[in-house]
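Subject: Structure handover

Hello,

Here is the structure I promised to pass on. Please open it first, then read the notes below with it on screen.

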Amino acid sequence: MLRVRADEPGAFEELVDRFQHRLLAVMRHLVGNAEEAEDLAQEVFLRVYRSRKDYHPQAKFSTWLFTIANNLALNSYRRKQRKPAVQLDIQDSGPLGPRPAEQMLLDRAPGPDHRLGHEELASIVQEALAQLNERQRMAVVLNKFEDMSYQEIAEVMHISTKAVKSLLSRARTELRELLRGYVEMAEPESDAVQAEKGEAP
Amino acid sequence: MTEPERLSAEERDNLVSYLDGELDEETTQAIEARLTQSPEARREADALRRTWELLDYLPKPRASETFTNRTLEKLETRRLVQTRNRRILQWAGGIGWAAALLVAGTAGFWLFQDAPPPPPPEPSPEDVRLYEHRDYWHYYEKVDGLEFLRELDRARLFPEDS
């Protein structure tokens with residue numbers, strides 16, 4: 001990033017090459033839609049370039065990158081809230097019980113003798129993640145896939161570490177409720193991950 | 001022995017932090033003690049851990065092959081647009097200054113057009129003598145110009161005193 005800041009030729013291209021997959025994965029988990037995720041990821045890189053002179057090496061680059069990503073994803077979410085399409089994924093269970101999308105997940109819970117395939121389970125987990133509110137989702141994605149500490153998440157999201165702790169606790173409790181019926185159905189984690197990598201379990 | 005009551009909200013928060021390895025030493029000991037005593041807490045911890053592992057099933061999306069090139073193209077387009085906009089702004093600024101100068105010039109012209117003429121210069125003592133010379137009055141009325149009188153005076157065509 002320091003080379004980008006110094007306007008060194010080719011440095012920005014190298015930076016995009018290096019961080020594109022990580023950023024895109026986070027964006028994809030946040031917004032769900034592949035095309036929108038790519039657009040947002042591109043916009044993040046363009047903003048990084050635009051603000052390159054403001055970058056201070058005290059901050060870890062990935063923290064800075066995901067701070068911009070968080071701001072853009074939240075703005076995009078707010079824009080969508082102002083112009084809602086047909087939306088079923090209302091966040092959080094209300095006082096009257098689970099909302100439609102949550103109920104769909106609960107209704108689809110398989111019987112005890114059913115063993116779910118990898119793709120089927122992936123789709124269910126994705127739906128469950130989409131049920132979290134956008135801040136919970138961001139905290140979960142950064143913690144799980146970027147392996148960020150509470151302190152780093154707090155920096156990215158401009159909140160206290162205590163708030164991160166509470167956000168993650170609520171998110172994980174909610175996920176546990178939504179995926180209650182599926183935990184037993186899953187193959188052991190190591191098998192699933194190895195299967196995905198094409199390795200023998 | 002009765003099982004301790006369900007986890008409080010704070011204990012649940014701490015349990016999640018414990019699973020994430022984010023707790024300080026003292027709270028870690030408290031949570032570990034609770035886990036040792038309570039099968040309910042152990043079940044809760046296990047369910048939370050296994051649910052978290054389910055997230056490993058999520059696809060790991062990768063950017064498309066053309067992502068970097070498209071990003072660089074977009075950057076170049078933005079740069080061109082910014083340069084063009086800057087030029088338009090500079091051009092508009094120049095036009096603005098020219099218009100301001102034109103307005104100021106026009107306003108100045110209209111303001112000073114109606115202003116009173118500057119006062120006539122003080123006559124020299126020689127001119128005063130010409131004015132006061134009674135014989136010249138007749139000529140002055142004819143020629144209607146002081147310069148002509150001066151010429152006549154220089155040529156000494158008038159008597160010295162009348």
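What follows is a short tour of what was found.

First, a caution: this is a predicted model. Every value below is computed from it.

**The core**

Start with the largest nonpolar core, which has 62 residues. Those with the most contacts inside it are A:Leu23, A:Met27, A:Ala41, A:Val125 and A:Ala139. Helix H2 of chain A supplies the largest share of this core, with 11 residues. Setting aside residues up to four places away in sequence, A:Leu23 touches A:Ala41, A:Val44, A:Leu65 and A:Ala69. As general background, nonpolar side chains in soluble globular proteins tend to be buried together.

**A:Asn70 and helix H4 of chain A**

Next, go to A:Asn70. This residue is in helix H4 of chain A, which covers residues 61-82. Is A:Asn70 buried or exposed? A:Asn70 has 23 other C-beta atoms within 10 Å. The cut-off for buried is 20 or more, so A:Asn70 counts as buried.

What does A:Asn70 touch, beyond its neighbours within four places in sequence? Its contacts there are A:Met138, A:Val156 and A:Met157. A:Asn70 and A:Glu134 are 64 residues apart in sequence, yet their C-alpha atoms are 9.7 Å apart in space.

Two helix pairs involve H4(A) here. Take H7(A), residues 134-145, to begin with. H4(A) and H7(A) pack at an angle of about 150°, and their axes are 11 Å apart. An angle over 145 degrees counts as roughly antiparallel, so that is how H4(A) and H7(A) lie to each other. The crossing of H4(A) past H7(A) is right-handed. On the H4(A) side, the residues that meet H7(A) are A:Phe66, A:Asn70, A:Ala73, A:Leu74 and A:Tyr77. On the H7(A) side they are A:Glu134, A:Met138 and A:Leu142. By class, this contact has six nonpolar, one polar and one charged residues.

Now take H8(A). H4(A) packs against H8(A) at about 50°, with the axes 8 Å apart. That makes the pair oblique. Here, too, H4(A) passes in a right-handed crossing. A:Thr63, A:Phe66, A:Thr67 and A:Asn70 in H4(A) meet A:Glu152, A:Glu155, A:Val156 and A:Met157 in H8(A). The residues of this contact divide into three nonpolar, three polar and two charged. A:Asn70 is listed in the contact with H7(A) and in the contact with H8(A).

**Two loop residues**

Look at the loops on either side of H8(A). A:Asp147 sits in the loop between H7 and H8 of chain A. Its phi is near 55°, a positive value in a residue other than glycine. A:Asp147 is exposed, with 8 other C-beta atoms within 10 Å.

A:His158 sits in the loop between H8 and H9 of chain A. Phi of A:His158 is likewise positive, near 55°, and this residue is not glycine either. A:His158 is exposed, with 10 other C-beta atoms within 10 Å.

**Where the chains meet**

**Chain B**

Chain B has seven helices and zero strands. Buried residues make up 15% of its 162 residues. Of the contacts in chain B with a separation of 6 or more, 42% join residues 24 or more positions apart.

H1(B), residues 9-19, deserves a look. Eight of its 11 residues are buried, so H1(B) is largely enclosed by the rest of the structure. Among the buried residues are B:Arg12, B:Leu15, B:Val16 and B:Tyr18. What do the buried residues of H1(B) pack against? They pack against H9 of chain A, together with H2 and H3 of chain B. After H1(B) comes B:Gly21, with a positive phi near 70°.

Best wishes

How values were computed:
Residues are numbered from 1 along each chain as its sequence is written. Chains are lettered from A and ligands numbered from 1 in the order in which they are written. This is a predicted model: local features need pLDDT of at least 70, side-chain atom pairs count only at pLDDT 80 or more; totals for chains, interfaces and linings use all residues. Helices (H or I, at least four residues) and strands (E, at least two) are DSSP runs, numbered from the N terminus. A residue is buried if 20 or more other C-beta atoms lie within 10 Å of its own, exposed if 12 or fewer, and partly exposed in between; C-beta atoms are placed from the backbone. Two residues are in contact if their C-beta atoms, placed from the backbone, lie within 7 Å. Axes are lines fitted to C-alpha atoms, for helices over the stretch in contact, and angles run from 0 to 180 degrees between N-to-C directions. Angles under 35 degrees count as roughly parallel, over 145 as roughly antiparallel, 65 to 115 as roughly perpendicular and the rest as oblique. A crossing is left-handed if the near helix is turned anticlockwise from the far one by less than a right angle, and right-handed if clockwise. Ala, Val, Leu, Ile, Met, Phe, Trp, Tyr, Cys and Pro count as nonpolar, Asp, Glu, Lys and Arg as charged, and the others, Gly among them, as polar. A nonpolar core is a set of buried Ala, Val, Leu, Ile, Met, Phe, Trp, Tyr and Cys residues joined through C-beta atoms within 7 Å.
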